[in-house]
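Subject: The model I promised you

Hi there,

Here is the structure I said I would pass on, followed by some notes on what turned up in it.

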Amino acid sequence: MDLSNLKPADGSVSRQGKRVGRGQGSGKAGTSGRGHKGAKSRSGYSKKLGFEGGQMPLQRRVPKFGFTNINRKEYQGVNLDTLQKLVDDKKIKDTVDFDTFVSLRLAGKNEMVKILGRGELKAKLKVSAHKFSASAKEAIEAAGGEAVTL
């Protein structure tokens with residue numbers, strides 16, 4: 001080791017890049033690396049979301065129609081055939097509540113569950129959910145079970 005191969009320890013010196021606008025000798029003087037004229041050369045420039053260089057942006061070119069209800073309630077659907085399969089696989093016995101749906105990953109903890117009428121249910125179940133379709137409620141009660149609305 002001698003003076004010709006001394007260098008600081010790894011990670012002790014961080015280079016912060018070129019200092020712009022600090023005179024001709026820096027190599028980044030004059031325009032400070034921003035080029036000449038145009039929006040990007042100005043201070044305070046920020047590109048707007050969806051900006052296409054002055055061309056009419058896509059979200060303004062496409063026709064808009066319809067209506068979005070801000071009070072809409074989204075339900076996670078669970079069909080009767082899914083419940084029957086869980087009974088067959090011995091994952092549920094006689095009661096199915098919201099915690100069961102979450103633990104079996106049929107619904108998220110912040111979602112609402114609606115029981116739908118696809119398939120048939122042979123098992124006698126007490127099902128607790130936020131909503132039931134008419135056919136599902138009928139099928140559950142026909143099998144000797146109970147539909148409890150949360």
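A nonpolar core here is a set of buried Ala, Val, Leu, Ile, Met, Phe, Trp, Tyr and Cys residues joined through side-chain atoms within 4.5 Å, and buried means under 20% relative accessible area. Please keep in mind that this is a predicted model.

**The core**

Let me start inside. The largest nonpolar core has 21 residues, and those touching the most other members are Leu-83, Phe-101, Val-113, Ile-115, Leu-125 and Val-127. Two or more residues each come from α2 (80–88), α3 (98–103), β3 (112–116), β4 and α4. Helix α2 supplies the largest share of this core, namely four residues. As a general background, nonpolar side chains in soluble globular proteins tend to be buried together.

Setting aside neighbours within four places in sequence, Leu-125 is in contact with Leu-83, Val-87, Ile-92, Lys-93, Asp-94, Val-96, Ile-140, Gly-145 and Glu-146.

**Helix α2**

Which residues of α2 are buried? They are Leu-80, Leu-83, Gln-84, Leu-86 and Val-87. These residues cover an arc of only 160° around the axis, so they lie on the same side of α2. The elements they pack against are β1, β2, α3, β3, β4 and α4.

**The strands**

Next, the sheet that holds β4. This is an open sheet of three strands in the order β2-β4-β6, and the pairing is parallel. At its edges stand β2 (95–96) and β6 (146–149); each has a single partner strand, so one side of each is left without a neighbour in the sheet. Helix α4 (residues 134–142) packs on the sheet and touches β4 and β6, its direction making about 135° with that of β6. Between β2 and β4 (residues 126–129), which run parallel, there are two bridges. In that pairing Thr-95 stands opposite Lys-126 of β4.

Strand β3 has partners too. Five bridges connect β3 with β1 (residues 75–79), and these two strands run parallel. Here Gln-76 is the residue opposite Val-113 of β3. Strand β5 (residues 131–132) also runs parallel to β3 and is joined to β3 by two bridges. The bridge partner of Lys-114 in β5 is Lys-131.

The side chains along β3 are worth a look, as they alternate.

**Salt bridges**

- Asp-81 pairs with Arg-118, with the closest N and O atoms 2.8 Å apart. This pair links distant parts of the chain, since Asp-81 is in helix α2 and Arg-118 in the loop between β3 and β4, 37 residues apart. Asp-81 is partly exposed, at a relative accessible area of 27%.
- Asp-89 pairs with Lys-85, and their closest N and O atoms are 3.3 Å apart. Asp-89 counts as partly exposed at 41% relative accessibility, while Lys-85 is exposed with a relative accessible area of 53%.
- Glu-74 and Arg-72 meet through their side chains at 3.0 Å, N to O. Both Glu-74 and Arg-72 are exposed.

**Two backbone points**

Finally, a word on phi. Most residues other than glycine have a negative phi. Lys-90 is not a glycine, yet has a positive phi of about 60°. Lys-90 follows α2 and sits in the loop between α2 and β2. At 71% relative accessibility, Lys-90 counts as exposed.

Ser-32 also has a positive phi, near 55°. Ser-32 is found in the segment before α1 (58–61). Is Ser-32 buried, partly exposed or exposed? With a relative accessible area of 23%, Ser-32 is partly exposed, as buried would require a value under 20%.

Terms used:
Residues are numbered from 1 along each chain as its sequence is written. This is a predicted model: local features need pLDDT of at least 70, side-chain atom pairs count only at pLDDT 80 or more; totals for chains, interfaces and linings use all residues. Side-chain values use heavy atoms; hydrogens and water are left out. Two strands pair if DSSP finds at least two bridges between them. Contact means heavy atoms within 4.5 Å. Axes are lines fitted to C-alpha atoms, for helices over the stretch in contact, and angles run from 0 to 180 degrees between N-to-C directions. Buried means under 20% relative accessible area, exposed over 50%, partly exposed in between (1.4 Å probe, protein chains only). A salt bridge is a side-chain nitrogen of Lys or Arg within 4 Å of a carboxyl oxygen of Asp or Glu. The arc is that of the directions from the helix axis to the C-beta atoms.
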